[in-house]
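Here is a short tour of a few local features. Have the model open beside you as you read.

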Amino acid sequence: MRKALIYARVSSREQEREGYSIPAQRKLLAEYAASHNFCISETFIDIESAKNPGRKEFGKMLRVLEADSDCRIVLVEKTDRLYRNRTDSLIFENLFEKRNVEVHLVKEGRIIGKNSPSQDKFMHDIHVAVARNYSENLREEVKKGMREKAEQGIYPGRAPFGYRNNTLTRSIDVDREREPVLKRIFELYKTGNYSLSTLKKTVLIETGFGFSRSYFETILKNRFYLGFFLWQGIEYKGNHTPLIDLLTFEAVQRVFTGKNKPKYRKHNFPFAGLMRCAHDGCTITSELHKGKYVYYRCSFGRGKCETPYMREQEISDKLGETLKNIYVPQNVVQTIVNLLKAHRQDSESKRLDQINGVKQRLATLRTRMDQIYEDKLDGKIEEDFCSRKMADYRSQEAVLQTALDRLKEPISSEHVLSAERILELANKAYFLYLTRDSAERGQLLRTVLLNCATDGVSLWPTYRKPFDQIFMRAISEDWSGREDLNLRPPGPENGIRLSC
């Protein structure tokens, strides 16, 4: 009795769950073995496509054929169950010649081996070519179907975190359980207070969701959350619900470029980075003595310096004095705020006009896209031409949609409130400074000052905008609208100057 191997295969788990393909193959092959007096040595079953080499059970079967000289017969239902690619068929051709292996294709009623008739070998080669063509054609059709799906705004792949694939409607739905986590990830990172590593720890503690550091970067840079997706190198406008607004997304990207990344210090010295040495221009650095006394000194970047060590309390008192020199008269404050409010109303009106203009352009563009798609379906234009035009239209659509998303954000009155806070801070800065602890004093000074030069005795402050202009006006007591040395345009007719 000759030994034989059985090989059976289905392409997917869905076929396996149907429950008839594998059992039917095994039954057919077992009956064939019994009728030909074969002894079944082993059975190999793969549940995966044969279009590419590398199947697990297929590989095991090859090793048995190489090692066991008594086992030279393989029973299989038909050619495409054994292979659909040229690589695997060449492996068996080698086994036919060197190992005298025979493949019994039961349904085809054919035995392929070294001594098979040329007619059988010819028909087998045809079956291999047909099986290979079937796989390649199927792949092309699948890719074509996915491209059609993408052009309709439906993402053809697996939904990213925060969404889920709806198997019934074949669409992308928001995952209500993970949506808050996704939004929290963006909210935390856009503050600029987190690295990807610290973000990972914080999200795990707050939400219980753990991801790798690299996956956080993938999430935070994914434009899918804005309503777009990339498919085969082309960006499409998706019809899924955006989870992140454009301003938040752009703020996150700015953090990635390094404009908002936090600086980490071993000790939080309140006035670190605020001063430079008046003698050599080096940074004034801070250090801890005896575990509790903080001193500031020149960093000696250009060698020894005569600037002495300065105690933190002395520095705190001297820096506070710089805040005495900025104030704005109350009537000026109110006039500036009123002008800003009027400017906001004018800007809001212009924004609404721009929105209507962009919407009209989008509507015209999408009408053209619909028409060219219909022309392709009707056979009026070639598919290649349609693809090129659609790619161009989608690019224009993405630009217009981005512009519209920006314009949809109402002009905030925050700049008016900021102006009020700045002017209030200018009038109350020194009082606020005296009522704060050292850390809060440092934060307040960083709001008002860019830097201070010091020789250990005196301070020469450099104010941030607009406090530099407020300081100059306060010193000169000049709040008029006449032209100054910077040659800015004259102020409003009521005599109030706006400094930018």
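## Before we start

Helices here are DSSP runs of H or I with at least four residues, numbered from the N terminus. Please keep in mind that this is a predicted model.

## Asp375 in helix 12

Let's begin with Asp375, which lies in helix 12 (residues 330-377). Asp375 is buried, yet has no salt bridge. The nearest side chain of opposite charge belongs to Lys380, 4.2 Å away, whereas a salt bridge needs a side-chain nitrogen of Lys or Arg within 4 Å of a carboxyl oxygen. Leaving aside residues up to four places away in sequence, Asp375 touches Lys380 and Ile381.

Helix 3 covers residues 56-67, and its 12 residues should span 16 Å at 1.5 Å a residue; the end C-alpha atoms are 17 Å apart, which agrees.

Which residues of helix 3 are buried? They are Glu57, Phe58, Gly59, Met61, Leu62, Val64 and Leu65. An α-helix has 3.6 residues a turn, so residues three or four places apart point the same way. The buried residues of helix 3 pack against strand 1 (2-10), strand 2 (38-47) and strand 3 (71-76), and also against helix 4 (79-82) and helix 5 (86-98).

Finally, look for an open sheet of three strands, ordered 11-12-13 with antiparallel pairing. Its edge strands are strand 11 (284-289) and strand 13 (310-311), each pairing on one side only.

Strand 11 pairs with strand 12 (residues 293-298) in the antiparallel sense over six bridges. For a landmark in strand 12, find Arg297, the bridge partner of Thr285.

Key
Residues are numbered from 1 along each chain as its sequence is written. This is a predicted model: local features need pLDDT of at least 70, side-chain atom pairs count only at pLDDT 80 or more; totals for chains, interfaces and linings use all residues. Side-chain values use heavy atoms; hydrogens and water are left out. Helices (H or I, at least four residues) and strands (E, at least two) are DSSP runs, numbered from the N terminus. The expected span of a helix is 1.5 Å times one less than its number of residues. Buried means under 20% relative accessible area, exposed over 50%, partly exposed in between (1.4 Å probe, protein chains only). Contact means heavy atoms within 4.5 Å. Two strands pair if DSSP finds at least two bridges between them. Lys and Arg count as positive and Asp and Glu as negative; His and the chain ends are not counted.
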